[in-house]
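Subject: Structure for your review

Dear colleague,

Please find the structure below. My findings follow it.

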Amino acid sequence: MYHACLAKFSQNLELRKLLFRTKGMFLVEASGNDAIWGIGIWKEDPRSHNEESWVGTNWLGEILDRIREELWVKPEFQAEKEEIEKENVETRIMFLEALKN
């Protein structure tokens, strides 16, 4: 899964920029169906906000966090990093919230 996600975000500019916009955030796969890759709880469940309440491993979230950090420091992605760094938190969240629609 790590290698597939690394290839995906390395090759796709728009997805990489979305991932970069999560810099400083802790990514969570809030899936009630998946206690391996996700936290085993749906995002609507109040327990999803407390890591101690999770019944899953969140391996996908951990992989995405790791990939974001690895790509963030790569020289070939410097321009994208600088673009994202200029955005305020509200702008970054706006882009991420737009994914819900």
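A residue is called buried under 20% relative accessible area, exposed over 50% and partly exposed in between, with a 1.4 Å probe and protein chains only. By that scale, Phe95 is partly exposed, since its relative accessible area is 33%.

This is a predicted model, in which local features need pLDDT of at least 70 and side-chain atom pairs count only at pLDDT 80 or more, while totals for chains, interfaces and linings use all residues. Residues are numbered from 1 along each chain as its sequence is written, and side-chain values use heavy atoms, with hydrogens and water left out.

Overall chain

The protein chain has five helices and zero strands; these are DSSP runs, H or I of at least four residues for helices and E of at least two for strands, numbered from the N terminus. Of its 101 residues, 37% are buried. The C-alpha atoms fill a box of roughly 40 × 30 × 25 Å along the principal axes. Where residues at least 6 apart in sequence are in contact (heavy atoms within 4.5 Å), 56% of those contacts join residues at least 24 apart.

Axes are lines fitted to C-alpha atoms, for helices over the stretch in contact, and angles run from 0 to 180 degrees between N-to-C directions. Angles under 35 degrees count as roughly parallel, over 145 as roughly antiparallel, 65 to 115 as roughly perpendicular and the rest as oblique.

Helix α2 (residues 13-20) packs against helix α4 (residues 78-86) at about 45 degrees, with the axes 10 Å apart; the two are therefore oblique to each other. Leu13, Arg16, Lys17 and Phe20 of α2 meet Glu80, Lys81, Glu83 and Ile84 of α4. This contact comprises three nonpolar, no polar and five charged residues. Here Ala, Val, Leu, Ile, Met, Phe, Trp, Tyr, Cys and Pro count as nonpolar, Asp, Glu, Lys and Arg as charged, and the others, Gly among them, as polar.

With helix α3 (residues 59-72), α2 crosses at roughly 105 degrees, and the axes come within 10 Å. The pair is therefore roughly perpendicular. Arg16, Leu19 and Phe20 in α2 meet Leu64, Ile67, Arg68, Leu71 and Trp72 in α3, a contact with six nonpolar, no polar and two charged residues.

Surroundings of Phe95

Phe95 lies in helix α5 (residues 89-97). Leaving aside residues up to four places away in sequence, Phe95 touches Leu18, Arg21 and Glu87. Trp42 is 53 residues from Phe95 in sequence and 22 Å from Phe95 in space, C-alpha to C-alpha.

Yours sincerely
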